[in-house]
Amino acid sequence: MGDAVPHAAAPQGMGKPRAAGGCLCGAVRYEVCGTLRQVVACHCSQCRRMTGHFLAATAARDGELTVTRDAGLKWFSASPGARRGFCGECGSTLFWRGSGRDYTAIAAGSLDGPTGLKLVQHIYTADKADYYDIADGVPQSGRGLVGVCLQWS
Ligand SMILES: [Zn+2]
Ligand SMILES: [Zn+2]
């Protein structure tokens, strides 16, 4: 799949990864060395359909995410320029990869806890469904990501 997430084994001698995670059935597992982005919740119609609600995602920079088990990993493009990684065995939402981006978004719920992360922004709130309100005081963007609060930790 071209520029997909690298499937190489985790480099040895790099110490403990910052985080690890995977799908519900275990057919996909990954590790992140380096930092994770704080969590962004996307309420666009594609994320809502893919996840069944909305997508809360952290992110790992290129070269810092390693898929250590990819037996179930499948990719789906809902729109040109972005691919969504999920487990074809259990259906778990896992990754979002936009062309031209230098990171891969990772479904926050797939991380092994504790994550040490915080939800810092709701995006595409103009597309959210009508059955819930967003009232947690976290900043909202009606459209795409506003960069001001993109801390990594
Ligand atoms: Zn699975
Ligand atoms: Zn979305």
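Student: What is the bridge partner of Ala41 in E4?

Tutor: The partner of Ala41 in E4 is Ala56. Strands (E, at least two residues) and helices (H or I, at least four) are DSSP runs, numbered from the N terminus. Please note that this is a predicted model, in which local features need pLDDT of at least 70 and side-chain atom pairs count only at pLDDT 80 or more, while totals for chains, interfaces and linings use all residues. Residues are numbered from 1 along each chain as its sequence is written, with chains lettered from A and ligands numbered from 1 in the order in which they are written.

Student: And what stands opposite Ala41 in E10?

Tutor: In E10, His122 stands opposite Ala41. Cys42 also has partners in both strands: Ile123 in E10 and Leu55 in E4.

Student: So how do the strands run, parallel or antiparallel? E3 with E10 to begin with, then E3 with E4.

Tutor: E3 (residues 39–42) and E10 (residues 119–123) run parallel and are joined by four bridges. E3 and E4 (residues 55–61) are antiparallel, with three bridges. Two strands count as paired if DSSP finds at least two bridges between them.

Student: Which residues cover the two faces of E3?

Tutor: Val39 and Ala41 lie on one side of E3, Val40 and Cys42 on the other, and all are buried. A residue is buried if 20 or more other C-beta atoms lie within 10 Å of its own, exposed if 12 or fewer, and partly exposed in between, with C-beta atoms placed from the backbone.

Student: How many residues of E4 are buried?

Tutor: Five of the seven are buried, so E4 is largely enclosed by the rest of the structure. E4 also pairs with E9 in the antiparallel sense, over five bridges; there Thr58 has Ile106 as its bridge partner.

Student: What is the order of strands in the sheet?

Tutor: The order is E6-E7-E8-E9-E4-E3-E10, an open sheet of seven strands with mixed pairing. E6 (73–79) and E10 are its edge strands, each pairing on one side only. On average, neighbouring strands in this sheet are turned by 30° against each other, direction ignored; the axes are lines fitted to C-alpha atoms. The protein as a whole has one helix and 10 strands.

Student: New topic: which residues have the most contacts inside the largest nonpolar core?

Tutor: They are Cys42, Leu55, Ala57, Leu94 and Ile106, in a core of 34 residues. Such a core is a set of buried Ala, Val, Leu, Ile, Met, Phe, Trp, Tyr and Cys residues joined through C-beta atoms within 7 Å. Among the elements that each supply at least two residues of this core are E3, E4 and helix H1 (45–51).

Student: What does Leu94 touch?

Tutor: Leaving out residues up to four places away in sequence, Leu94 touches several residues, including Val28, Phe86, Ile106 and Ser110. Contact here requires C-beta atoms, placed from the backbone, within 7 Å.

Student: And Phe76, is that residue buried or exposed?

Tutor: Phe76 is exposed, because 12 other C-beta atoms lie within 10 Å. Phe76 belongs to strand E6. Apart from neighbours within four places in sequence, Phe76 is in contact with Arg83, Arg84 and Phe86.

Student: Finally, what percentage of the protein is buried?

Tutor: Buried residues make up 36% of its 153 residues.

Notes: Contact = placed C-beta atoms within 7 Å. Axes fitted to C-alpha atoms, helices over the stretch in contact; angles between N-to-C directions.
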